[in-house]
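Let's walk through this structure together, one piece at a time. Keep the viewer open and turn the model as you read.

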Amino acid sequence: MIEIRREDFSIDEITKKMKDPKIGALSIYLGTVREFPQGLGLKFENDNHAIQKLEEIEKRAINRFEVNQVTIIHRVGFLGISENILLVAVSASHREPAFDACRSIIDDIKDFHKSWGKEVLK
């Protein structure tokens with residue numbers, strides 16, 4: 001599941017939806033806006049390119065690792081210091097593929113952020 005939204009999200013709601021008797025591991029990453037010199041926060045625009053890129057990242061992880069489900073939720077708009085930006089949740093039968101897929105997704109999104117996110121300065 002890929003979702004881009006302005007409002008915050010609930011980690012508990014997402015993980016409840018991903019639980020299944022076949023699942024032995026849920027790897028979850030929560031990205032937040034960190035403090036940076038002269039910065040007020042980050043800004044992400046909502047566009048079709050972003051959703052397409054996140055879908056490519058999701059498909060690549062599913063094809064590369066033995067995982068059951070991938071959820072990526074990314075917020076857009078202005079996000080202040082300490083606000084949630086990103087949730088990546090990966091379910092798998094075993095922990096190793098869940099960890100590996102989650103890390104791969106995060107690394108791919110980090111590369112994508114270089115062209116998508118903008119720092120908002122004081």
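The buried residues of helix H1 have a cover that includes strand E2 (25–32), strand E4 (69–75) and strand E6 (84–92). Bear in mind as you look that this is a predicted model. Which residues of H1 are buried? They are Ile14, Thr15 and Met18. Viewed down the axis of H1, these buried residues fall within an arc of 95 degrees, so they line one face of the helix.

Is serine 10 buried, exposed or partly exposed? Its relative accessibility is 25%, and therefore serine 10 counts as partly exposed. The side chain of serine 10 also reaches the backbone nitrogen of glutamate 13, at 3.2 Å. In sequence, serine 10 and leucine 87 are 77 residues apart, yet their C-alpha atoms are 9.4 Å apart in space.

Now move to strand E4, where histidine 74 has its place. With a relative accessible area of 0%, histidine 74 is buried, because the cut-off for that class is under 20%. What is histidine 74 in contact with, leaving aside its neighbours within four places in sequence? The list is Glu3, Ile4, Arg5, Phe44, Leu54, Ile85, Leu86, Ile109, His113 and Trp116.

Next comes a sheet to trace. Three strands form an open sheet in the order E5-E3-E7, with antiparallel pairing. Its edge strands are E5 (77–80) and E7 (117–121), each of which pairs on one side only. On average, neighbouring strands of this sheet are turned by 30 degrees against each other, direction ignored. Helix H3 (residues 95–116) packs on the sheet and touches E3 and E7, and the direction of H3 makes about 55 degrees with that of E7.

The pairing itself can be followed residue by residue. Strand E3 (residues 39–44) is joined to E5 by four bridges, and the two run antiparallel. E3 and E7 pair over five bridges, also in the antiparallel sense. Where do the partners lie for glycine 41? Glycine 41 stands opposite valine 120 in E7, and its bridge partner in E5 is glycine 80. For leucine 42, the bridge partner in E5 is leucine 79. As background, strands of a sheet pair through backbone hydrogen bonds, either parallel or antiparallel.

Finally, step back to the whole chain. The protein has three helices and seven strands, and from the N terminus on its elements run β-α-β-β-α-β-β-β-α-β. The radius of gyration is 15 Å, close to the 14 Å that the globule rule gives for 122 residues, so the protein is as compact as a globular protein of that length. The C-alpha trace spans about 50 × 25 × 25 Å along its principal axes. Of the 122 residues, 43% count as buried. Among contacts with a separation of 6 or more, 79% are accounted for by residues 24 or more positions apart.

Technical notes
Residues numbered from 1 in each chain as written. Predicted model: local features only at pLDDT ≥ 70, side-chain atom pairs only at ≥ 80, totals over all residues. Heavy atoms only, no water. Pairing = 2+ DSSP bridges. Axes fitted to C-alpha atoms, helices over the stretch in contact; angles between N-to-C directions. Contact = heavy atoms within 4.5 Å. Buried < 20%, exposed > 50% of the residue type's maximum accessible area, 1.4 Å probe, protein only. Polar contact = N/O pair within 3.5 Å; in protein donor to acceptor, adjacent residues only side chain to side chain. Arc of directions from axis to C-beta. Rg over C-alpha atoms; globule rule 2.2 N^0.38 Å.
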